[in-house]
Amino acid sequence: MSDAAAVPIKTSIWKQFPGAFWCANVMEIFERMGWYGFYAVSSLYLTGAVADGGLGLSSEDRGVIQGLATFFLYLFPAVFGALADRYGFKRMFLASCTVMIPGYLLLGIPSGFWGFLMVYFLVAIGHGMFKPVVISTVAKSTNEKTGSMGFGIFYMMVNIGGFLGPIVAGIVRGWDWQYVFYASAGWIVLMGVVALIFYKEPPRDAEAEGKRSLGEVFAGMVAVVGNGRFFLLVAGLLFLLVMGSKWLEPIVYLPAAAIWIAANLLLDLVLRGNRGRDDVHWLAQPMKVGEGRYLVFLVLMAFFWTSFNQIFMTLPEYIRDYADTSDLIHSFGPMAQAITGMFTKMGVDTSEWGRAVLEHGQVKPEHLINLNAFGIIIGQVGIAYLVRKVAPLTAIMLGSFITVISFLLYLVGQGGWIIVIAILVFSIGEMLASPRSKEYAGRIAPPEKVGMYMGYFYWCVALGNLFGGLLSGEMYQHYGPVERGGTGSPNMMWIVFAGLAMVSVVLLYVYDKWVQAHPQKGGAE
């Protein structure tokens with residue numbers, strides 16, 4: 001054999017992955033542009049003055065809407081994933097489009113809390129239908145050799161879509177909020193065209209996967225928590241939490257929660273003789289905790305996601321109401337004037353261009369918040385390389401601690417550059433914590449339960465969105481502007497968020513020590 005023949009042939013990155021992989025990535029860009037195109041400005045729309053095209057809702061109502069809609073978005077992918085296995089990935093992609101497109105077009109019609117919540121819930125369902133299918137496509141289009149690069153490319157597309165969507169939304173809302181909804185619907189239309197014309201399902205065992213019924217999916221959800229009784233206890237507490245965020249006073253829902261817990265514990269004493277019996281109804285069985293250590297991990301990660309979501313839920317209102325971005329305008333003014341001057345000489349009318357970037361003489365909040373996605377796009381690979389040898393939980397704790405620093409930076413001042421620095425610091429924390437959390441979940445799982453652990457990982461994201469939305473609304477309503485019924489002391493709000501993130505750091509450290517001291521039989525260290 002000649003030396004030339006022994007040289008391995010390098011395969012182009014484009015040929016390492018099938019067409020379905022690239023279609024999934026293109027669709028992911030459009031789907032994220034649709035979602036973040038509105039989500040990044042949702043706080044501004046919901047609480048904005050009616051005269052400016054907003055709904056004029058309270059921050060508390062805004063938090064309830066954001067928390068509930070995104071909670072269900074991340075809670076139901078397991079259900080829609082089972083439906084996709086049964087009826088086909090392509091059909092589920094197209095079905096998600098038929099839900100999202102009219103959902104976005106209808107978002108601009110409701111003028112009150114309930115109407116908007118119902119339509120936004122429809123939008124969340126559509127995105128929940130899309131999410132498990134696109135991830136499954138990427139997983140089935142990669143193997144052990146290409147998996148790491150494949151998912152790296154995929155998450156880069158997530159951030160590209162999350163970066164581009166808010167830019168377009170921020171520009172077009174300078175003329176009319178309706179254009180934001182049209183833009184989001186338009187991105188989903190393009191996503192549907194890709195799915196309809198170019199997408200071909202990757203090889204999969206459709207017969208075996210299609211046998212998984214919805215009943216089995218719900219049974220698996222209950223099994224992760226424990227049994228039906230314990231699931232009912234948790235569901236009842238979440239219901240009271242949501243009711244207490246808007247409709248019930250603390251003097252009502254806190255005692256109700258205590259009574260609910262006490263009643264279930266007393267019932268367990270009565271039913272303790274039925275423990276382990278399969279011949280009695282699930283309501284007659286004592287409560288049972290399922291994957292205890294995993295549930296604790298999900299709750300602790302929910303603390304992180306609760307803090308993380310403040311960048312989209314709370315920060316837009318804070319920038320709008322408190323920030324003074326004149327320093328940014330002064331810094332970039334000459335460059336902006338040069339650009340507009342060049343186009344003016346070409347005969348282009350640039351007199352209205354400022355509406356794309358400025359509002360009431362200040363930089364629009366979404367353009368500043370979008371630095372989060374920009375920072376991740378340019379920094380994720382480098383951060384991942386620097387911490388490649390750091391233990392997953394150490395990276396998670398370090399990332400959470402950096403978010404604490406980012407929140408405390410808002411205490412330094414309310415100038416534009418302070419906000420820019422705080423957002424970029426926050427992005428570093430996110431790059432450290434978010435990717436490694438899934439890796440850690442897989443490591444603590446027993447080998448035979450890795451699939452289940454990863455399948456329900458998004459529960460912590462769902463809880464983080466629910467807690468984050470409710471807490472954001474309550475905090476900003478209380479500490480926000482005096483003219484909107486608040487105390488006018490937003491620094492206290494950032495201290496609370498920083499404290500919450502710090503609590504997650506401490507609890508994660510304690511949890512890791514406990515897991516190491518009590519290794520699960522057959523589990524991975």
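Buried means under 20% relative accessible area, exposed over 50%, and partly exposed in between, with a 1.4 Å probe and protein chains only. Helices (H or I, at least four residues) and strands (E, at least two) are DSSP runs, numbered from the N terminus. The model is predicted, so local features need pLDDT of at least 70 and side-chain atom pairs count only at pLDDT 80 or more, while totals for chains, interfaces and linings use all residues. Residues are numbered from 1 along each chain as its sequence is written, and side-chain values use heavy atoms, with hydrogens and water left out.

Q: How many of the 17 residues of α14 are buried?
A: Helix α14 is largely enclosed by the rest of the structure.

Q: How far apart are the end C-alpha atoms of α14?
A: The expected span of a helix is 1.5 Å times one less than its number of residues. For the 17 residues of α14 that gives 24 Å. The model agrees, with the end C-alpha atoms apart by 24 Å.

Q: Which element gives the most to the lining of the second largest pocket?
A: A pocket is an open set of points on a 1 Å grid over the protein atoms alone, where a 1.4 Å probe fits, with protein on both sides within 12 Å along at least five of seven lines; lining residues have an atom within 4 Å of a point. The second largest pocket is lined by 45 residues. Elements that give two or more of them include α13 (250–271), α14 (292–308) and α23 (458–479). With 14 residues, the element that gives the most is α12.

Q: Where is Asn264 found, and which residues does Asn264 touch?
A: Asn264 is found in helix α13 and is buried, with a relative accessible area of 4%. Contact means heavy atoms within 4.5 Å. Not counting residues up to four places away in sequence, Asn264 touches Arg229, Leu233 and Met287.

Q: Is His360 buried or exposed?
A: His360 lies in the loop between β1 (358–359) and β2 (362–363). Although not a glycine, His360 has a positive phi of about 55 degrees. Its relative accessibility is 65%, so His360 counts as exposed.

Q: What is the relative accessible area of Asn370?
A: Asn370 sits in the loop between α18 (365–369) and α19 (371–386). Leaving aside neighbours within four places in sequence, Asn370 is in contact with Gly162, Phe163, Pro166 and Ile167. Asn370 is buried, with a relative accessible area of 6%.
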